[in-house]
Amino acid sequence: MEIQSNFSLKNYNTFGIEASAKQFVAVHSISELKTVLAANKNEKKFILGGGSNMLLTKDIDALVIHIDLKGKKITQEDDDFVWVESQAGETWHDFVLYTIDNNFGGLENMSLIPGNVGTTPVQNIGAYGTEIKDTFVSCEAMNITTQEIRTFTNEECNFGYRESIFKHEVKDEYIITSVIFKLTKRNHKINTSYGDILAELAKNNISEPTLKDVSNAVIAIRQSKLPDPKELGNSGSFFKNPIVLKSEFEKIHQKFPEMKFYEVSETEVKVPAGWLIEQAGFKGKRFGDAGVHKNQALVLVNYGNATGQEILAVSKEVQKTVFEKFGIQIEAEVNVI
């Protein structure tokens, strides 16, 4: 376990931004993590997982601790359900494929989301009608100051749309080390409520889809819309879909009757941010090496040598123009560092 100085983070963030860490160390076990935290009590720390949900706009003047804990196991099961624990450093998509290969249901709609397992509860990641909170049982997390391990239950995590306790009440206090999910072994609840999934299944003449069929459909959809970070730097969806009060939305909808929306409660609707950005004229637009992806306007991309500041400037221009045109504020889903 070697602490390195002036370490390049280009290969540790999916945007492929060139930035350096004052110090860097990768930890592969709970004991290594404890040792590093205890030995560097007074150092400023930055916790790094898969690097998929952040935009680096500057060098990190801190000790960057890369969480590389690996392993997965069944902790409990009965006839209907299985409880599977994954260490934080496992790649999310590989973990999803592992559950599908074992015919465990619940995560298939979230196939191909970039990042590691440990960061999934922070954002309450979701896709195509499912979110982490639907199958999440608990996670273990280490207190950065005391190195004590605490278990957070589903209820304690205060999950919301791309929200959790880890983004608010206990932000920067804990490092998630493992997560337990409760998945189905039979009587799977196949969720094909999104039109894109139904269309992909119909294209392949599948009327009674399996977990694998749904996963394959989601992978095909994502690959058709979203660039592979290994080929084109990005962090997936850069913006959240805005939630608007129905009373406000009705006024906006009168001006823009073609605007898409989904009801989320009796008083609120969700508007697809991608649609807003596309209508504002940004889809496929390029500003030097920074830009908006040609197939999915929610995704900002690095065409090669863009800086984090350049990508941030594009995001602010998008937000400003969308607000001017529609009166709707869109927020970044990605953490800007």
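Let's start with helix H2, residues 92-101. Of its 10 residues, 7 are buried, so the helix is largely enclosed by the rest of the structure. Buried means under 20% relative accessible area, exposed means over 50%, and partly exposed lies in between, with a 1.4 Å probe and protein chains only. Helices here are DSSP runs of H or I with at least four residues, strands are runs of E with at least two, and both are numbered from the N terminus.

Two words on the source. This is a predicted model, where local features need pLDDT of at least 70 and side-chain atom pairs count only at pLDDT 80 or more, while totals for chains, interfaces and linings use all residues. Residues are numbered from 1 along each chain as its sequence is written, and side-chain values use heavy atoms, with hydrogens and water left out.

Back to H2. Which residues are buried? Trp92, His93, Phe95, Val96, Tyr98, Thr99 and Ile100. What covers them? The cover includes strands E6 (72-77), E7 (81-87) and E12 (174-184), plus helices H3 (120-123) and H5 (211-225). Contact here means heavy atoms within 4.5 Å. Just after H2, Asn103 takes a positive phi of about 60°.

Now the annotation. The UniProt record, an unreviewed entry, gives "domain: FAD-binding PCMH-type" for residues 17-186. Its positions are in the numbering used here, feature names are shortened, and annotations may be inferred rather than shown by experiment. Over residues 17-186 the chain is 14% helix and 37% strand. The end C-alpha atoms of that stretch are 43 Å apart.

Next, salt bridges. Side chains of opposite charge can pair when their charged atoms come close. The cut-off is a side-chain nitrogen of Lys or Arg within 4 Å of a carboxyl oxygen of Asp or Glu. The whole structure has 18 of them.

Take Lys72 and Glu90. Their closest N and O atoms are 3.7 Å apart. Lys72 sits in strand E6, and Glu90 in the loop between E7 and H2, 18 residues apart. Lys72 is partly exposed at 35% relative accessible area. Glu90 is buried at 11%.

Second, Arg162 and Glu333, at 3.6 Å from N to O. Arg162 is in the loop between strand E11 (149-153) and E12, and Glu333 is in the loop between helix H8 (308-326) and strand E20 (335-336), so the pair ties together parts 171 residues apart in sequence. Are these two buried or exposed? Arg162 is buried at 10%, and Glu333 is buried at 13%.

Third, a local pair. Lys203 and Glu200 meet at 3.4 Å, N to O. Both lie in helix H4 (residues 195-203), 3 residues apart, about one turn of the helix. Lys203 is exposed at 60%, whereas Glu200 counts as buried at 14%.

Last, the second largest pocket. Its volume is about 870 Å³. Of its 36 lining residues, the closest to the centre are Thr14, Pro114, Asp228, Pro229 and Lys230. H5 comes back here: that helix and strand E13 (233-234) each supply at least two lining residues. The lining divides into 9 nonpolar, 20 polar and 7 charged residues.

Definitions and conventions:
1 Å grid on protein atoms, 1.4 Å probe; cavity = no way out; pocket = protein on both sides within 12 Å on 5 of 7 lines; lining within 4 Å. Points joined across faces, edges and corners; volume = space filled by probe spheres on them. Nonpolar A, V, L, I, M, F, W, Y, C, P; charged D, E, K, R; others polar.
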